Amino acid sequence: MNFYADLPSNLLHGMMTALEPMNLLLCTVGVTLGMLIGVIPGVGSLAAIALLLPVTFHLEPAGALIMLAGVYYGANYGGSTAAILLNLPGTSSSAVACLDGYPMSKQGRGGIALLITAIASFVGASLGITLLIGFAPLIASVGLQFGPAEYFSIVVLGLLAASAVSSGSVVKAIAMAGLGVAFGTIGLDTYTGAQRFTFGQVELFDGIDLVAIALALFGISDVIASIRDNDNNPTTVRQKVTLRSMLPTREDLRRSWPAILRGSSIGSFLGPLPGTGATLASFTAYALEKRLDRDPSRYGKGAIEGVAAPEAANNASDQTAFVPTLTLGIPGTPTMALMLGALMIHGISPGPGFMTSNPDIAWGLIMSFWIGNLILLILNIPLVGVWVRVLSIPYHFLVPAIVIFVCVGTYSVSNSVFDVWMVLLFGAGGYLLRMLDCPVAPLILGFVLGPMLEEEFRRAMLISRSELMIFVERPISASFLGLAAAILLWGLFSKWRSTALSRAE
Amino acid sequence: MTKIEIDHKDFATSLILIGIGGFLTYSSLTTLRIGTLNAMGPGAFPAGMGILLVVLGAIIGLGAIGRSGEDISLDLRSSFFILGGITAFALLARPFGLIPATVAASLLSAMASRRITLLSALFATAVITALAVGIFTYGLGVPLALIQWPFQ
């Protein structure tokens, strides 16, 4: 297995890249800003990454990715912090942290929950990174044998899986992914150079700018949607978090360890599966802990395992989610889609050859995950009290700040006022869709994956001489499509069952 | 006559999807080359996506009939001020420069919240403008005049 022969030197090389002073600084800045933005209610890691995307354009590709990755897990931790202390989840994956974290907080044990969360995150991330290192070269070597049919099928699988697990109606989620794919066709056709839906606008020849659409959907429409809630329930921080209050008891640690290890395993396993993401990982881990416990009634009332396991799971899955993104160039979640977009803007397109052709960036990024998590643990945890003070800034101050950051940030990408108008259009549209209970996350995934979907389909048709059976005749492609169908049916069935149950009550 | 119940949210979603999907397919068929399956033209894929959107829209729309749902409740005030802020920025940034555009956009979007007072909006705007100039003009070197008068 020659692809493991270079592993030690790659790891060393990656560690050196990650430890370069500039990259170390960017990692710290990323984690810190991520936490800062992540604690703001209603602003999750997606919005945090989107907000900082324009800033990273001015950096080297390796540094840019390292910073964005730092923002990613910093924001996730920040989200958990808001969930535990205020019962306000920033993201769906940290919603689980509310279940037992907030009760702990009310019992005055919020500090302990925060520390256990940090430890669980670190352990989960470490296991995830180890598996990422172990499996990425293997999957990349398998990916080298993929043809257009396999790529087409795995993109279909990713889109359907992401839609099936998102909350609410599965059909609406698929429609949103389709809408994203449709918006992705805008611009010049790669094969013929024909203008598609550009309405003669030169600015649209390269398609809609990813930053503009991401900031519109996750910055602007999010903000409009959360103003009313914040006007009605202004947030107040009741608890002071001091270092002393974060010290767990021996009993807490004894209960947490096995939960953390179980959570890490579940998360690592679910992470690389397309579309599943951290939300499914944390909910599954929580459900497992509750089932394994001799006394399930403790859950929801401040059981420490209910905080430890899901947090370990979602961080482990955050790391292993990078496997398909880095090795195949196929992001499984909207957040990964943004990371992929960031790479592509720097002129790098990840795929099976990425890890061998750009070892500096790939391994530097992977190693920086560890450093970033370590920075999170030793630098930022003691400062949790400071981040939490962000929550005492009234939301109505944050609103104009976010709007300005989105406007100037979008403009700065290519000095284009046109992109700001796109933010206006998609911000309004995204808000309307949100209010119609349409999830906008699959839209961004479809937007990023759409061009790939079309190109691979056209290539497959060219190679197979327009034989549609190519997608089911090739075994790997057929199994991807089979899995997609199974996930779709399962998603439809479980939604149908839950509505049937709620009607029966 | 009994009123037929309808899930407004799903029905509106359906209309949007059918509208966009229909436009996509119609525009692809009329202005772009479709080609053959072996050598697909630029219009083939968008036309297919359009049909898919129409079908999904129809499924959602049919499911919405005969079922009551929550009313659509849009926060028009917040939408107006936030979107107005973005519009102000887009209109003012090039001719007048970063500072006037930021001040106008910040003041407008601050009004989106019902809890804000004029004084705190002014205070927030001052802080945000200073930050924007610091980060984008001096930090990242975004080429946008700070302030200028376009009419000579």
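Between the two chains of this predicted model, 62 residues of chain B are in contact with 67 residues of chain A, where contact means heavy atoms within 4.5 Å. Local features are given at pLDDT of at least 70 and side-chain atom pairs at pLDDT 80 or more, while totals for chains, interfaces and linings use all residues. Residues are numbered from 1 along each chain as its sequence is written, chains are lettered from A in the order in which they are written, and side-chain values use heavy atoms, with hydrogens and water left out.

The size of an interface is often given as the accessible area lost when the parts come together. For chain B and chain A the buried area is about 5600 Å², of which carbon and sulfur atoms give 79%; this area is the accessible area (1.4 Å probe) that the two parts lose on being put together, summed over both.

The rule finds two salt bridges across the interface of chain B and chain A, a salt bridge being a side-chain nitrogen of Lys or Arg within 4 Å of a carboxyl oxygen of Asp or Glu. Lys9(B) forms a salt bridge with Asp437(A), and the closest N and O atoms are 3.2 Å apart. On the side of chain B that touches chain A, the elements that give two or more residues are helices H1 (8-31), H2 (44-64), H3 (76-96), H4 (98-110) and H5 (118-139) of chain B, helices being DSSP runs (H or I) of at least four residues, numbered from the N terminus. H1(B) gives the largest share of that side, 11 residues.

Not counting residues up to four places away in sequence, Ser153(A) touches Phe471(A), Ser477(A), Phe480(A) and Leu481(A). The side chain of Ser153(A) also makes a polar contact with the side chain of Ser477(A) at 2.7 Å, a polar contact being a pair of N or O atoms within 3.5 Å, of which, within protein, one must be able to donate a hydrogen and the other to accept it, and residues adjacent in sequence count only if both atoms are side-chain atoms.

With neighbours within four places in sequence left aside, Val420(A) is in contact with Cys407(A), Thr410(A) and Tyr411(A), and also with Ile86(B), Phe89(B) and Ala90(B).
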